[in-house]
Amino acid sequence: MLAQALTKYGPQLINLFAAALLLLSFAMLAQRRILSLINLFAAQGFVLFLSTMLVAWLTGQHHLYGSAALTLALKVIALPWILHRLIRRLNVKWDVETLINIPTTMLVGIVLVILAFNLALPITMLAGTVTRATLGIALACVLLSFLMMITRSKAVPQVIGFLSMENGLFFAATGAVYGMPMVIEFGVALDVLVGALILGIFIFEIRERFDTVDTRHLERLKERP
Amino acid sequence: MSLEMLLLLGSPLAGGAVLALVGHRRYAPELNVAFSTFTLLAAAGLVTRIIADGPVTDLDEQFFVDSLNVFLVALTAFVATTTAIFSRPYMRIERDHGRVSAAGMRLYHSMYQMFSFAMLLVLTTNNLGVMWVAMEAATLTTVLLVALYRTHASLEAAWKYFILCGVGIAQALFGTILVYFAAEKVLGAGAGTLLWTHLDAVKDQLEPTVISIAFVFLLIGYGTKVGLVPLHNWLPDAHAEGPTPVSAVLSGLLLNVALYALVRCKIITDGALERPFASALLMGFGLASVVVGALFLSRQRDIKRMFAYSSIEHMGLVTFAFGMGGPVASFAGLLHMTMHSLTKSAIFFAVGHAAQKAGTQAMDDIRGLIRVNPTVGWGLMLGTVAILGMPPFGVFASEFLILTTAMAHQPWATPILLLSLGIAFASIFGKVQPMVFGDTTAKRLPHSPALIPVFTHLALVLALGLYMPPYLADWYRMAARLIG
């Protein structure tokens with residue numbers, strides 16, 4: 001019964017998940033509180049996990065179950081846990097400061113989404129996968145994370161932006177081609193995990209040196225006139 | 001898996017593990033040299049095998065070595081070894097000056113080997129996905145190396161490097177996904193689809209629209225690591241604030257390796273598209289890098305920063321040459337890659353000791369090197385003359401070839417290139433001359449500097465400028481034919 005319903009509404013469900021991902025990306029862009037930002041990132045990972053599971057089930061691509069499990073372990077559990085610990089150790093619950101005010105950021109975000117859809121259009125036409133409509137959304141998520149990294153001045157939100165960008169890429173891989181070969185997905189996941197750890201260590205070092213994790217203090221190296 | 005490949009990749013990997021355990025001991029620098037030498041021997045073995053048997057694939061086609069990448073493998077292993085020899089006294093002096101702790105030394109040695117491993121993996125892998133993973137691994141290891149001194153400036157440089165290259169390389173991953181998407185239609189899904197040899201075989205059947213979009217993403221991604229303008233912002237900071245041996249391998253090797261990845265993607269793109277789309281993009285980015293690199297040279301005050309901008313300029317020149325395409329330009333591009341790699345690392349070796357002697361990297365405070373230590377002074381002077389393209393050094397030959405080809409095929413670009421090279425000459429020479437001659441401010445070093453690598457590199461550049469052995473020329477020609 002459930003299986004029948006899933007088969008029937010599967011593609012629509014995937015589109016629903018895609019929409020949820022995009023919504024979460026915008027929510028992250030608008031979020032001022034750091035803890036909520038981490039939770040939103042975890043939620044994004046969870047939606048990604050659900051959609052990957054569904055694609056795996058719909059298409060019978062068994063290796064996708066593996067990557068879904070990887071997503072669950074890494075992006076829903078491990079990374080948010082590390083980030084929470086980082087915040088607790090740094091003992092800061094500051095509000096996130098943005099360099100551009102949030103309404104403007106949202107407007108720029110909408111422009112980016114339109115851009116992403118236009119760019120993805122010729123590719124989407126060629127895709128034969130049930131999930132092809134999601135490629136534009138995936139690209140939009142990547143660009144929105146990009147925007148988030150640019151507009152945030154604190155180190156931790158920049159890291160979350162970086163990780164969220166990887167979520168978008170992963171979703172693009174599932175959407176367009178039913179996931180990359182497993183070896184590569186493992187490699188990418190390993191790189192992301194190590195990268196996040198290194199950035200975590202750096203954040204400590206930066207705070208020790210400057211008593212703040214505001215990257216606006218990292219502006220000494222520039223070309224002098 | 002053949003023995004040479006196993007040793008080539010196994011030696012630095014094992015070195016990374018062993019040095020992580022013993023890297024702070026007194027004998028660790030020697031061990032670092034030993035592992036690098038071992039890698040170099042394996043590379044030499046691989047070269048002889050490729051010369052004898054032609055292109056080979058290995059381990060179920062996961063590795064692929066042809067004349068294009070084997071020369072880069074040899075170059076990488078060679079410069080990594082000489083840099084290890086240079087860093088032996090250099091890092092000891094740094095430790096005596098209190099800039100690096102024992103833990104820092106361990107991190108340095110371990111990451112140095114892991115960095116070599118990552119670069120060799122990028123060069124030898126046949127899988128575009130693995131290439132991306134290895135490139136990201138190379139970024140991660142160098143981020144740790146750049147931040148080694150833990151000063152304000154080095155942390156800032158490393159943070160900037162990580163964020164910019166992380167974002168950049170994410171674009172390359174999107175490009176790789178798109179390539180997979182296009183290839184899947186022809187080759188079917190599976191792990192074999194991203195193998196470069198398979199892609200190369202069916203490149204004319206790949207969907208042109210998708211491939212052209214993919215190439216743009218790949219160009220932005222890998223181009224960030226090559227340091228192409230306007231994606232170059234991380235490069236001067238990372239070169240100036242990291243330890244000098246790291247600047248030498250960043251400039252001499254990592255930029256080459258990133259450009260190699262780009263060239264592999266260009267070969268596929270050219271096959272899929274009728275029009276010279278990739279060529280035009282490469283020429284545009286290359287020319288912009290040459291111009292901007294040259295213009296920024298005269299404003300520099302930090303010696304390592306200045307030579308970092310010079311690297312941007314030279315990588316731009318190579319990118320431009322590959323963009324022009326054709327047997328002569330590709331030949332010149334490959335030759336220039338080699339010459340730049342050897343010369344620039346030699347310069348950084350000399351610069352490292354010069355900065356240690358003066359106790360600063362500010363060019364205004366480095367004076368009269370030739371009085372205190374003539375070999376460091378001459379090394380810097382000769383290196384500078386070589387990188388500026390004076391005959392009879394090899395850089396002259398490659399720049400001359402690039403310029404003459406540009407005159408024949410892209411005449412509009414020639415005056416721009418000549419003007420930029422002229423500006424670069426005036427800026428660099430005018431700054432290096434008083435540093436080498438003039439009144440001295442230098443002091444003695446606690447360990448004698450390693451100057452053999454400097455003069456080995458310069459002698460090679462000079463020798464290749466005077467006489468190129470026919471088999472080497474054939475080899476470059478063969479590699480150039482692959483690029484097209």
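This is a predicted model: local features need pLDDT of at least 70, side-chain atom pairs count only at pLDDT 80 or more; totals for chains, interfaces and linings use all residues.
Figure 1. You can find Asp60(B) in the loop between strand 1 (56-58) and strand 2 (63-65) of chain B. Its backbone deserves a look too: phi of Asp60(B) is near 60°, a positive value in a residue other than glycine. Glu61(B) lies in the loop between strand 1 and strand 2 as well, and is not a glycine either, yet has a positive phi of about 65°. Is Glu61(B) buried, partly exposed or exposed? Glu61(B) counts as partly exposed, with 15 C-beta neighbours inside 10 Å.

**Figure 2. Two cis peptide bonds in chain B.** Let us stay with loops and turn to the peptide bonds. The bond that leads from Val229(B) to Pro230(B) is cis, and its omega is near 5°. Pro230(B) sits in the loop between helix 8 (208-226) and helix 9 of chain B. Another cis bond runs from Pro391(B) to Pro392(B), with omega near 10°. To find Pro392(B), look in the loop between helix 15 (374-387) and helix 16 (394-409) of chain B.

**Figure 3. Helix 9 of chain B under cover.** How many of the eight residues of helix 9 (residues 234-241) of chain B are buried? Eight of its eight residues are, so this helix is mostly covered. Among them are Trp234(B), Leu235(B) and Pro236(B), but also Asp237(B), His239(B) and Glu241(B). What covers these buried residues? The cover includes helix 5 (128-146), helix 6, helix 10 (244-272) and helix 12 (303-324) of chain B.

**Figure 4. Asn256(B), a buried residue in helix 10.** Asn256(B) has its place in helix 10 of chain B. It counts as buried, with 22 C-beta neighbours inside 10 Å. Which residues does Asn256(B) touch, leaving aside its neighbours within four places in sequence? They are Leu72(B), Met337(B) and Ser341(B). For a sense of scale, look also at Phe285(B): it is 29 residues from Asn256(B) along the chain, and their C-alpha atoms are separated by 16 Å.

Figure 5. The axes of helix 1 (residues 3-22) and helix 4 (residues 102-124) of chain B come within 7 Å and cross at roughly 160°. That angle makes helix 1 roughly antiparallel to helix 4. The crossing of these helices is left-handed. Residues of helix 1 that take part include Met5(B), Leu8(B) and Pro12(B), and those of helix 4 include Arg106(B), His109(B) and Phe117(B). Sorted by class, this contact has 11 nonpolar, seven polar and one charged residues.

Now follow helix 1 to helix 2 (residues 28-53) of chain B: their axes come within 8 Å and cross at roughly 170°. These helices are therefore roughly antiparallel to each other. Here Glu4(B), Leu7(B) and Val18(B) are among the residues of helix 1, and they join a contact that includes Phe35(B), Phe38(B) and Arg49(B) of helix 2. The class count for this contact is 14 nonpolar, five polar and two charged residues.

**Figure 6. Where chain A meets chain B.** Here 36 residues of chain A are in contact with 40 residues of chain B. On the side of chain A that touches chain B, the elements that give two or more residues are helix 4 (102-126), helix 5 (134-151), helix 6 (155-177) and helix 7 (182-210) of chain A. Which of them gives the largest share? Helix 7 of chain A does, with 13 residues. By class, the residues on this side of chain A divide into 26 nonpolar, four polar and six charged.

Leu218(A) can be found in the segment after helix 7 of chain A. Leu218(A) is buried, with 22 other C-beta atoms within 10 Å. Not counting residues up to four places away in sequence, Leu218(A) touches Glu156(B) and Trp159(B).

**Figure 7. Inside the largest nonpolar core.** This core holds 257 residues, and Val122(B), Ile177(B) and Leu178(B) touch the most other members. Its largest share, 22 residues, comes from helix 6 (residues 152-187) of chain B. Leaving aside neighbours within four places in sequence, Leu178(B) is in contact with Ile123(A) and with residues of chain B that include Val210(B), Ile213(B) and Phe217(B).

Terms used: Residues are numbered from 1 along each chain as its sequence is written. Chains are lettered from A and ligands numbered from 1 in the order in which they are written. Two residues are in contact if their C-beta atoms, placed from the backbone, lie within 7 Å. Helices (H or I, at least four residues) and strands (E, at least two) are DSSP runs, numbered from the N terminus. Ala, Val, Leu, Ile, Met, Phe, Trp, Tyr, Cys and Pro count as nonpolar, Asp, Glu, Lys and Arg as charged, and the others, Gly among them, as polar. A nonpolar core is a set of buried Ala, Val, Leu, Ile, Met, Phe, Trp, Tyr and Cys residues joined through C-beta atoms within 7 Å. A residue is buried if 20 or more other C-beta atoms lie within 10 Å of its own, exposed if 12 or fewer, and partly exposed in between; C-beta atoms are placed from the backbone. Axes are lines fitted to C-alpha atoms, for helices over the stretch in contact, and angles run from 0 to 180 degrees between N-to-C directions. Angles under 35 degrees count as roughly parallel, over 145 as roughly antiparallel, 65 to 115 as roughly perpendicular and the rest as oblique. A crossing is left-handed if the near helix is turned anticlockwise from the far one by less than a right angle, and right-handed if clockwise.
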